Amino acid sequence: MEYNNENQFNEEQYRKSVDEAFEQKLNEINAQLEKEILIALVGDVNVGKSSTVNRIMGEEVAKVGAKPGETVELGRYRLKGKDKIVFIDTPGLNDINQSNSNETIDFYKRADVILFLLNSAGTVFSNEEKKCFNEIQTINKQIVIVLNKIDASSTSDILIQTNFIKENVGSSYPIIPISSKNGQNIDELRDVVLNILKVKGKDILFARFLKDKSPIANKWIIGAATAAGAIGLSPLPGADIIPITSIQVGLLIKLATLYDKPTGKETAKELIITTIVGNVGKNIFRQLIKFVPGGGQIIGAAVASTMTASLGYAVKYAYENNIELDPNSLKSIFEILSKQQTHSA
Ligand SMILES: Nc1nc2c(ncn2[C@@H]2O[C@H](COP(=O)(O)OP(=O)(O)O)[C@@H](O)[C@H]2O)c(=O)[nH]1
Ligand SMILES: [Mg+2]
């Protein structure tokens with residue numbers, strides 16, 4: 001970033017850097033949307049594989065209570081209109097142990113996440129289950145152990161079971177106790193899956209297909225606000241506005257993708273500028289980003305994170321309420337949100 005003779009931040013360059021950030025983030029996200037997510041479900045009949053998938057996604061995508069023998073082959077299902085996510089449902093452990101078909105092995109190899117389900121209301125980690133687990137972990141280590149039906153057992157039993165699993169598999173695999181009946185701990189399981197997918201550059205793609213987008217949006221907003229705050233702490237005067245803007249651009253595009261509301265580059269730019277001006281109040285944008293030699297940080301940590309959070313929550317509000325986003329509607333939403341805050345305080 002260069003400054004001109006009057007040590008004035010170059011607004012033209014600023015706009016250009018927003019454009020660049022926009023292009024870059026958009027390319028990243030578009031690359032995600034091209035991908036496919038494979039999730040393998042392993043576990044005995046009735047352990048709750050279908051119920052768990054339904055809970056994770058927030059809607060009925062798999063049939064619950066399919067009888068043993070009804071699923072002969074690996075059940076593959078894609079979500080309606082959501083053909084980027086493929087669940088691979090194994091019919092039962094016996095079948096896996098007996099028929100190590102190339103097809104099955106290939107699925108495990110390619111799976112992004114393997115959910116290995118155990119029944120807290122039954123025998124946890126039986127010999128059958130151990131054998132199966134050991135085979136799978138030689139193929140793919142991206143396994144999450146899901147201890148389902150915890151609504152049907154006591155807290156001390158769940159603890160004993162969890163420890164028993166750990167003794168057998170070590171500490172490299174997450175163990176998530178859940179109930180697909182009452183929804184207990186499903187959020188945590190979803191987060192674990194999302195974090196694994198994030199490393200693979202597939203988390204945004206996955207989040208798009210979730211029924212309840214609000215918790216995901218909140219997580220992203222808080223993450224972006226935290227990151228912006230960390231940059232705001234930087235001792236480099238004037239150097240912080242660009243990376244903060246880049247975080248805000250990234251957040252805007254992610255939220256737009258999540259809620260399926262495409263945002264143009266110009267709109268994104270105007271929204272960000274409106275946010276900055278709105279938060280700073282009297283000062284005009286140009287003055288805000290003026291370079292003051294030795295003047296310390298221009299944007300403090302608190303301002304950077306508050307601005308990013310305000311922008312995120314306002315955009316989320318607009319998407320959830322089908323409000324067309326422009327600088328004016330954004331300002332109105334800021335007012336609505338700050339009134340809501342005052343009332344609830
Ligand atoms: N108590 C209890 N029952 C569950 C839970 N999850 C699933 N079930 C029940 O277990 C049965 C089998 O569930 P399903 O999802 O079809 O298992 P799958 O064969 O592994 O796909 C159904 O009757 C579900 O209602 C749970 O967390 N707690
Ligand atoms: Mg099933």
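This is a predicted model: local features need pLDDT of at least 70, side-chain atom pairs count only at pLDDT 80 or more; totals for chains, interfaces and linings use all residues.

Residues are numbered from 1 along each chain as its sequence is written, chains are lettered from A and ligands numbered from 1 in the order in which they are written, and side-chain values use heavy atoms, without hydrogens and water.

Around ligand 1 there are 16 residues, each with a heavy atom within 4 Å of it. The closest are N46, K49, S51, G65 and D151. By class, this shell holds eight polar, five charged and three nonpolar residues; here Gly counts as polar, Asp, Glu, Lys and Arg as charged, and Ala, Val, Leu, Ile, Met, Phe, Trp, Tyr, Cys and Pro as nonpolar. Helix α2, residues 49-57, gives the most to the shell, with three residues.

Oxygen atoms of ligand 1 lie 2.8 Å from a backbone N or O atom of S180, 3.0 Å from one of G48, and 3.1 Å from a side-chain N or O atom of N148. The protein buries 78% of the 580 Å² that ligand 1 exposes when taken alone, by the Shrake-Rupley method with a 1.4 Å probe.

How do helices α10 and α13 pack, and at what angle? Residues 241-258 form α10 and residues 301-320 form α13; their axes are 10 Å apart, at an angle of about 15°. The two are therefore roughly parallel, a term for angles under 35 degrees. Their crossing is right-handed, the near helix being turned clockwise from the far one by less than a right angle.

Methods: A polar contact is a pair of N or O atoms within 3.5 Å; within protein, one must be able to donate a hydrogen and the other to accept it, and residues adjacent in sequence count only if both atoms are side-chain atoms. Helices (H or I, at least four residues) and strands (E, at least two) are DSSP runs, numbered from the N terminus. Axes are lines fitted to C-alpha atoms, for helices over the stretch in contact, and angles run from 0 to 180 degrees between N-to-C directions. Angles under 35 degrees count as roughly parallel, over 145 as roughly antiparallel, 65 to 115 as roughly perpendicular and the rest as oblique.
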